[in-house]
Amino acid sequence: MNDSSWGSPPHAGPPAGYWQPTDQGPVQRADPAGPTYDAHDAQQTRPMPIVPDVPAHGGDQDDDRGAARLSGPLFRDETPQPPYDVRQSRPYDPPQAPSYGPYDMPQTSSHRTAPQNPEPMPDSSQPASAPQKKSAGRDLSAAIGVGVGLGVVIVASLFVVKAAFVGVIAVAVVVGVWELTKRLEERKGIKAPLVPLALGGAAMVVSGYVRGAEGAWVAMALTALAVLVWRMTEPPEGYLRDVTAGVFAAFYVPFLATFVAMMLTADDGPRRVLTFLLLTVVSDTGAYAIGWRFGKHKLAPRISPGKTREGLLGALSFAMVAGALSMEFLIDDGTWWQGVVLGFAVAASATLGDLGESMIKRDLGIKDMGTLLPGHGGIMDRLDSLLPTAPVVWLLMVIFVGSG
């Protein structure tokens, strides 16, 4: 189609909205070429649709003359270049196109320079995601060796001389209190008095063995009082914080351990203590074995990410079976169903004690309380499930078979 088909008379003005002035002035229209203009033919010619102007900067008009500017892209894939550099208020200077030699090739989307240090491609012969072997996280050989050694010492002292086992408990209490107070001072700046805690803790264990529960409570009260007085010899800053930690340490370690010494006073005391230790160890073993093999659902991920619900079920199952056997064959006048109840309670209290110790260590930002026992950590890392379980076993034993 040529220009003669747009249908404008030779001397008429431009149609509204199409032939309009621009910034350079009115457009000079040339006479249409071709045959003479015919009004009848013009009526038969379909007019060209008017293309609206797109404002360059979002406004309707840019100058005071009221003429619309013919600027802005007509299609969305056209990117306009600003005529001025707004930031520097100077005419826009387009970037210079690079010059290429006769044998140079510009980089396009299909010709890009390879990175200097490309990452190695994966070996196609290996599987994409090889399963990783589960790890126990500790030196199992050292852990087993230390565990067997401790078991020999405990069993030998337990069945040879009762007083010797009381001494073993007292030593474990003193070392545990030392580890706890040391970590509190290192990580939190809390200075719980160690001397009254160590002496009072040993006295608590002996008092529980000699005088029973009454002696244990009296020793606990005197130890707390000694902690308050001992701390008065230092400046008052942090006094309440330090004595609170000291009383907590006295209750958490020596007082709970006193129930083991109280179990030992019965006629079948060594077998009660052995049942207590056996069920706690079996509960931990069942939790570890089942959780390591089948554990998928976290029990308390914010406290101890390694513990699973499947591990808890394993602890309950193993402890209940071991409890039924222990009460039937080790404890005088005991029955299997009492052992089932005892095993369930031991698994629950041991798990809670382990979680409580994990909560303390997570607050302190440490993995283990100490390094005294290779493969196990410190004494407190082994007492975590034993301490809260001791009063539970002592109470159930008294309810089921009496205190004698």
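Me: At roughly what angle do the axes of helix H6 and helix H7 cross?

Reply: This is a predicted model, in which local features need pLDDT of at least 70, side-chain atom pairs count only at pLDDT 80 or more, and totals for chains, interfaces and linings use all residues. Residues are numbered from 1 along each chain as its sequence is written, and side-chain values use heavy atoms, with hydrogens and water left out. Helices here are DSSP runs (H or I, at least four residues), numbered from the N terminus. Axes are lines fitted to C-alpha atoms, for helices over the stretch in contact, with angles from 0 to 180 degrees between N-to-C directions; those of H6 (residues 269-294) and H7 (residues 309-329) come within 7 Å and cross at roughly 145°.

Me: How many nonpolar, polar and charged residues does the contact of H6 with H7 have?

Reply: Contact means heavy atoms within 4.5 Å. Residues of H6 including Leu278 and Gly286 meet residues of H7, among them Gly314 and Phe318. Ala, Val, Leu, Ile, Met, Phe, Trp, Tyr, Cys and Pro count as nonpolar, Asp, Glu, Lys and Arg as charged, and the others, Gly among them, as polar. By class, the contact has 10 nonpolar, 8 polar and 1 charged residues.

Me: Is Arg183 buried or exposed?

Reply: Arg183 lies in helix H3 (residues 162-188). Buried means under 20% relative accessible area, exposed over 50%, and partly exposed in between (1.4 Å probe, protein chains only). With a relative accessible area of 13%, Arg183 is therefore buried.

Me: How far apart in space are Ile190 and Tyr239, C-alpha to C-alpha?

Reply: Ile190 is placed in the loop between H3 and helix H4 (194-231). Ile190 and Tyr239 are 49 residues apart in sequence, yet their C-alpha to C-alpha distance is 9.5 Å.

Conventions. Helices (H or I, at least four residues) and strands (E, at least two) are DSSP runs, numbered from the N terminus.
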